Amino acid sequence: MSRSTLAWGLVAYGLLGLALSIVGFTYGLDAAGQIERMADATGTTLEAAARSTSAAADSFDSIDGSLVNAGESISQAATLSADAGATLDELSAAMNLSIFGAQPLAPLADEFADAAAQADELASTLTTSASSVSDVRADAAAVGEELGGLATELEALRDSVPDTSVPVRGLVALLMAYLTLPAVAALVSGLLLLRAQRMADEGPPA
């Protein structure tokens, strides 16, 4: 391979790498921003579900007069838990974001997948509880105790979600910067080789 061919190859590689880096920065950071927003929304949703379930458990203290309100609170908690599970599942899938073959967020995917499964299970349990509220006046105390336990589980699940946002955009930006360095190095090396080749072809000044 001639020196000139190598130089042009390096320049082409560098330009292609820079183009891919620009695309990666544009779409990668946007996707990372969406992941951060979903993570923030998940914590809020789980917290709301825990409050609704706790309110349902407390309402059983007034027995008959609160059963209707309790049913509504349980249904709301079930909906919020299902929403949280869906968001966590989407977040788990989004964590498998691949950038030039690298998956820097893959280790977090399993944790969010487990949390999604727990949220779905809690939503199913809450839905079952809501459908039976009209038939449990005699067992109101037992149902209230069960809902209190579910509220505790939701609070524990909420505590398992980080309070601070995972710096996904920062991680993606660092990864893209790292992947951009070889392209810049190749481009600069190719241009220097071309300059040296041109100076050699022109020969020493007279």
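Predicted model: local features only at pLDDT ≥ 70, side-chain atom pairs only at ≥ 80, totals over all residues.
Tutor: Confidence in the chain is lowest in helix 4 (residues 140-160), with a mean of 77, and highest in helix 2 (residues 67-94), at 80.

Student: What is the mean pLDDT of the whole chain?

Tutor: The chain has a mean pLDDT of 76. Of its residues, 80% reach 70 or more.

Student: Now the fold. How many helices and strands are there?

Tutor: Count the elements, then read their order. The chain holds 5 helices and 0 strands. Along the sequence the pattern is α-α-α-α-α.

Student: Among contacts between residues at least 6 apart in sequence, what share joins residues at least 24 apart?

Tutor: The share is 86% in this chain.

Student: And burial? What percentage of the chain's residues is buried?

Tutor: The chain has 206 residues, and buried ones make up 36% of them. Take Ala39 as a case. Ala39 sits in helix 1.

Student: Why does Ala39 count as buried?

Tutor: Compare its relative accessibility with the cut-off. Buried means under 20%. Ala39 counts as buried because its relative accessibility is 13%.

Student: How far is the C-alpha atom of Ala39 from that of Glu90?

Tutor: The two C-alpha atoms are separated by 9.9 Å. Along the chain, Ala39 and Glu90 are 51 residues apart.

Student: Let us turn to the core. Which residues of the largest nonpolar core touch the most other members?

Tutor: Leu126, Leu147 and Leu154 do, in a core of 30 residues. Next, see who contributes. Helix 1 (3-59), helix 2, helix 3 (106-131) and helix 4 are the elements that give two or more residues to this core.

Student: Which residues make the nonpolar surface patch of about 240 Å²?

Tutor: Val184, Val188 and Leu192 make this patch. Val188 lies in helix 5 (residues 168-202).

Technical notes: Residues numbered from 1 in each chain as written. Heavy atoms only, no water. pLDDT = per-residue confidence, 0-100. Helix = DSSP H or I, 4+ residues; strand = E, 2+ residues; numbered from the N terminus. Core = buried A, V, L, I, M, F, W, Y, C linked by side-chain atoms within 4.5 Å. Buried < 20%, exposed > 50% of the residue type's maximum accessible area, 1.4 Å probe, protein only. Patch = residues over 30% accessible without salt bridge, like charges linked within 9 Å, V, L, I, M, F, W, Y side chains within 5 Å. Areas by Shrake-Rupley, 256 points an atom, 1.4 Å probe, with all protein chains shown as cover. Salt bridge = Lys/Arg side-chain N within 4 Å of Asp/Glu carboxyl O. Contact = heavy atoms within 4.5 Å.
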